[in-house]
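Please prepare a briefing on the structure shown below.

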Amino acid sequence: MTEQSVFPKDFLWGSASAAYQVEGAWDEDGKGPSVWDEFVRIPGKTFKATNGDLAVDHYHRYHEDIALMKEQGLKAYRFSVAWTRIFPEGRGEINQAGLDFYVRLVDELIANGIEPVLTLYHWDLPKALQEAYGGWESREIIDDFVNYAAVLFETFRDKVHYWVSLNEQNIFIQMGYMLALHPPGVTDEKRMYAANHIANLANASVINKFHEMKMPGKIGPSFAYSPNYAFDSDPKNVLAAENAEDLMAHWWMDIYAWGQYPIAMFDLLQKRGVAPTIESGDMELLQSAKPDFMGMNYYQTATNMYNPLDGVGQGKMNTTGKKGSSGESGVPGLYKKVANPYVDRTNWDWEIDPMGIHIALRRITSRYRLPVLITENGLGEYDKITEDHEIHDAYRIKYLKDHVAEVGAAISEGCQVLGYCTWSYTDLLSWLNGYQKRYGFVYIDQDETQEGSLKRYKKDSYYWYQRVIATNGATFD
């Protein structure tokens with residue numbers, strides 16, 4: 001690129017985390033248990049039984065972590081609030097000690113010139129609400145979620161200008177209600193689509209509450225988007241890719257932007273008897289809620305082929321880091337996901353496709369006419385630390401450099417991109433992959449058996465991103 005950057009002057013060069021994955025202090029200062037605090041204690045659910053009880057102790061070390069952010073020049077830090085720190089039972093009396101932690105965190109970020117990007121929900125549902133009425137399977141959660149959000153809106157009215165409503169609804173719903181890999185550990189397609197519809201209503205209600213309160217700033221959901229490709233130009237494979245894009249992407253983003261489900265997929269689910277029940281007023285609510293941006297978590301693309309009715313279903317997921325151990329998966333009669341011969345893969349079999357982020361931005365821009373905030377993008381890999389406490393992660397620098405270049409290309413073509421948050425700032429607990437899968441700019445002395453000093457060490461990628469931020473993306477080298 002030339003010395004003149006295509007990135008806007010106020011571009012949010014950021015990084016991200018989630019409460020359960022970094023904070024630790026799982027039962028301190030009045031915090032109640034979340035569904036994840038319970039789920040990780042079920043044998044076999046996480047890699048080597050790792051959990052977030054301590055995580056990387058960000059709860060006690062946030063001063064140190066924010067000092068590293070300031071030194072790097074970070075413009076924005078995306079974090080999530082643990083619902084059970086604010087309401088230990090999910091509702092009822094506010095736990096002031098828990099709220100005060102986030103007040104201190106936000107104030108510290110602002111004092112260091114870092115824009116807070118606050119995520120309301122990053123999967124750690126209060127256990128009490130799951131037990132009381134089934135969590136996302138009950139419409140009771142809508143009022144509880146709005147009440148929780150309104151407390152945060154009022155608390156941070158003049159301090160936080162970027163809000164994420166739900167993080168990766170498509171992931172926590174599918175993993176929780178179809179694949180049984182996340183809480184509540186269910187495999188039931190009808191329940192999945194029912195819970196997803198209620199989550200849509202909760203998301204819309206929170207966005208409307210934000211605008212009713214005349215909050216300064218912007219709010220939007222954060223969607224895990226993997227653009228779908230056809231394996232080749234065989235029309236059967238092209239239709240399979242269309243099916244996958246409708247069912248795995250439009251099913252959520254069309255609701256966020258327009259308040260409408262994709263026609264063909266809704267018709268199909270109705271015929272199969274698994275479509276969500278639409279009550280009076282539901283679609284009017286969904287259509288009334290207008291996000292200010294589309295949050296996008298981008299990691300990979302998906303390549304699709306025709307899948308007959310007796311074809312493959314859900315295949316094996318690679319959660320061990322042994323490259324090539326995942327299997328083909330799909331929906332019989334609609335599509336199957338296959339390996340793309342034109343891209344490489346990580347050790348967890350995630351496809352490395354920098355141009356895919358460019359394609360994703362173009363698709364969202366053209367279909368929804370919304371600004372995009374890239375809320376996650378990063379590389380999970382094995383990192384090695386030398387005797388001198390150096391971490392030479394050239395592979396991560398290449399990954400991020402190639403993706404940022406494609407973001408710049410999309411901006412130059414007219415896409416409005418508000419910012420770019422890497423995943424993640426420090427190494428952290430990877431939900432199903434423990435502590436061996438590292439994403440951060442900052443290495444944490446913590447091994448996969450949860451032993452270590454928790455000391456922080458800067459990786460080579462830390463200094464690379466520091467230079468990118470300093471030049472506002474004018475140079476990537």
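A residue is called buried when its relative accessible area is under 20%, exposed when that area is over 50%, and partly exposed in between, with a 1.4 Å probe and protein chains only. By that rule alanine 180 is buried, because its relative accessible area is 14%.

This is a predicted model, in which local features need pLDDT of at least 70 and side-chain atom pairs count only at pLDDT 80 or more, while totals for chains, interfaces and linings use all residues. Residues are numbered from 1 along each chain as its sequence is written, and side-chain values use heavy atoms, with hydrogens and water left out.

**Annotated site**

- An unreviewed UniProt entry lists Glu376 under "active site"; UniProt positions are given in the numbering used here, feature names are shortened, and annotations may be inferred rather than shown by experiment.
- Glutamate 376 belongs to strand β13, residues 372-376, where helices (H or I, at least four residues) and strands (E, at least two) are DSSP runs numbered from the N terminus.
- Glutamate 376 counts as buried because its relative accessibility is 3%.
- Contact means heavy atoms within 4.5 Å, and, once neighbours within four places in sequence are left aside, the contacts of glutamate 376 include Arg78, His122, Asn167, Glu168, Met296, Asn297 and Trp423.
- The side chains of glutamate 376 and asparagine 297 make a polar contact at 3.1 Å; such a contact is a pair of N or O atoms within 3.5 Å, of which, within protein, one must be able to donate a hydrogen and the other to accept it, and residues adjacent in sequence count only if both atoms are side-chain atoms.

**Nonpolar cores**

- A nonpolar core is a set of buried Ala, Val, Leu, Ile, Met, Phe, Trp, Tyr and Cys residues joined through side-chain atoms within 4.5 Å.
- The largest nonpolar core has 141 residues, and those with the most contacts inside it are Tyr102, Leu120, Trp136, Leu152, Phe153, Trp163 and Met296.
- Helix α9, residues 189-212, gives the most to this core, with 11 residues.
- A second, separate core of eight residues includes Leu12, Tyr162, Phe293 and Leu373.
- Methionine 296, not counting residues up to four places away in sequence, touches Glu376 as well as residues including Ser222, Phe223, Tyr225, Ile357 and Leu373.

**Buried residues in helices**

- Glutamate 245 sits in helix α10, residues 235-258, and counts as buried because its relative accessibility is 7%.
- The side chain of glutamate 245 is joined to that of arginine 363 by a polar contact of 3.2 Å.
- Isoleucine 173 is placed in helix α8, residues 169-177, and counts as buried because its relative accessibility is 0%; leaving aside neighbours within four places in sequence, isoleucine 173 is in contact with Met178, Met192, Ala195 and Asn196.
- Arginine 396, in helix α14, residues 394-412, counts as buried because its relative accessibility is 1%.

**Helix α3**

- Helix α3, residues 58-72, spans only 18 Å between its end C-alpha atoms, whereas a straight helix of 15 residues would span 21 Å at 1.5 Å a residue; the expected span is 1.5 Å times one less than the number of residues.
- A kink of about 35° in α3 is centred on glutamate 64, the bend at a residue being the angle between axes fitted to the seven residues ending there and the seven starting there.

**Backbone geometry**

- Most residues other than glycine have a negative phi, and most peptide bonds are trans.
- The peptide bond from proline 183 to proline 184 is cis, with omega near 5°, and proline 184 is found in the loop between α8 and α9.
- Alanine 180, also in the loop between α8 and α9, has a positive phi near 60°.
- The peptide bond from tryptophan 423 to serine 424 is cis, with omega near 5°, and serine 424 lies in the loop between β14 (417-423) and β15 (442-444).
- Glutamine 450 has a positive phi of about 65° although it is not a glycine, and counts as partly exposed because its relative accessible area is 23%.
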